[in-house]
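Hi,

Here is the structure I said I would pass on. Have a look at it first, and then read my notes below.

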Amino acid sequence: MVKAVPGGAVLNAQLLLGAAALLVTGLLFLLYFYRPRLYIRYWTLGWSVAAASSLLLAPHYTNPQLAASVYGLSQLLGIVAALVFVISADAYRGRPRLRTSYALVVLPILIWFALAPLVLGQVAVHGPGHLLIAGGFAAAGIAHLFLMRQTRLLGAAVVGTMMLALAVANGWWALGPADSMALTARGAFLKLALYLAMALGMQLLSFEDLTYELRLANRRLEDTQEELRDLVTRDALTGCRNRRFFDEVIGKEVSRHRRYNTPLSLLFIDVNQFKVINDTLGHETGDAVLQRVAAFLVRNIRDADYVFRWGGDEFLILITCRRREAERKAVELKAAFLRANAAALPAGVGLSVGCAEVPLDTRDVMEIVRQADERMYTDKRAIADAQ
């Protein structure tokens, strides 16, 4: 357990490893208070068991049977620590499933490592112990590398790689002599380096996990803000955009219109005979008519254009075209609405539409809206005279 190193110094390898594992345990314990995640709890448990495994071998035991028994217990704790690290990878995604059947697998191992050293000595648990520890760390390393593949977290890659390195080291130590309970100085420093690198990987993983959660929370907040904004800028009855949204987008649309010389027009739409519908058939029927009109308008314009509920039974369409094309579109909308809804709506219900093109040098868009509104009333009077 105690080895001489060059220069006359004395190295208690197991005490050094146990102290390092305890230090990592303490740091993870503090981290858990700050960030109570299940996988950190399993990390803390795994490191505390690993510390106990090393510290058991730090004292010098004069009784051969006691020394063999303690060595068997140390190997058993090393196996348990590796298995806890396996579980910690599953605990990152959620609560791991610990089945009672696992105890049936662990029980024979427990019995062997508790009793075999008393009869057969250290050799009975040396090779099997290191091989089982190697298997546990290999499984834990692969699990963390799979975690890295799923989450793209660098810390998981560091932890997984160090665990695989510990698996290889334990496999090598399984081939070594079984008559010594201590590591050589070279082996101790190798294991210590792997311990420290694995601990740094865990710190990195927890930090990356925190930043990932912050990004996720920010994304949820942005989505919530977008939903709230959508609620504020959308008419509750018809699902169309409202005047608040018009005020938001019209400045950008006019700027784009002026900068790139793109055509821009307004269609001001009113539902004919809507007051009669409300007075004779009730407001529920009137609301249904508005919903039908809104759905029709949305279906019959391009996705790049906008339909706004301006107020009451009035709608405004912001459309990318010249006035002549807008007037042609107005005629098409009126005819298509009558064809689609003639049987479903009361007689006389239709659309009156006024068009106005937005000039490049416009400074007051509301003046263009008023022009389209006036032309809509002209169209409404023409329809009334024709009837």
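Before the strands come up: two strands count as paired if DSSP finds at least two bridges between them. Keep in mind too that this is a predicted model.

With that in hand, take Tyr-306, which stands opposite Leu-318 in E5. Strand E4 covers 306-311, and 5 bridges join E4 to E5 (residues 314-319), the two running antiparallel.

Those two belong to an open sheet of 4 strands, in the order E4-E5-E3-E6, with antiparallel pairing. At the edges sit E4 and E6 (351-357), each of which pairs on one side only. From one strand to the next, the twist averages 20 degrees.

Now the helices. Helix H8 (residues 243-260) lies across E4 and E5, and runs at about 135 degrees to E4. Helix H10 (residues 283-299) also packs on the sheet, where it touches E3 (265-271), E4, E5 and E6. The direction of H10 makes about 10 degrees with that of E5.

One more spot to look at is Thr-362, which is placed in the loop between E6 and helix H12 (365-386). Is Thr-362 buried or exposed? Its relative accessible area is 8%, and buried means under 20%, so Thr-362 counts as buried. Which residues is Thr-362 in contact with, leaving aside its neighbours within four places in sequence? They are Val-254, Arg-258 and Ile-368.

Cheers

Technical notes: Residues numbered from 1 in each chain as written. Predicted model: local features only at pLDDT ≥ 70, side-chain atom pairs only at ≥ 80, totals over all residues. Heavy atoms only, no water. Axes fitted to C-alpha atoms, helices over the stretch in contact; angles between N-to-C directions. Contact = heavy atoms within 4.5 Å. Buried < 20%, exposed > 50% of the residue type's maximum accessible area, 1.4 Å probe, protein only.
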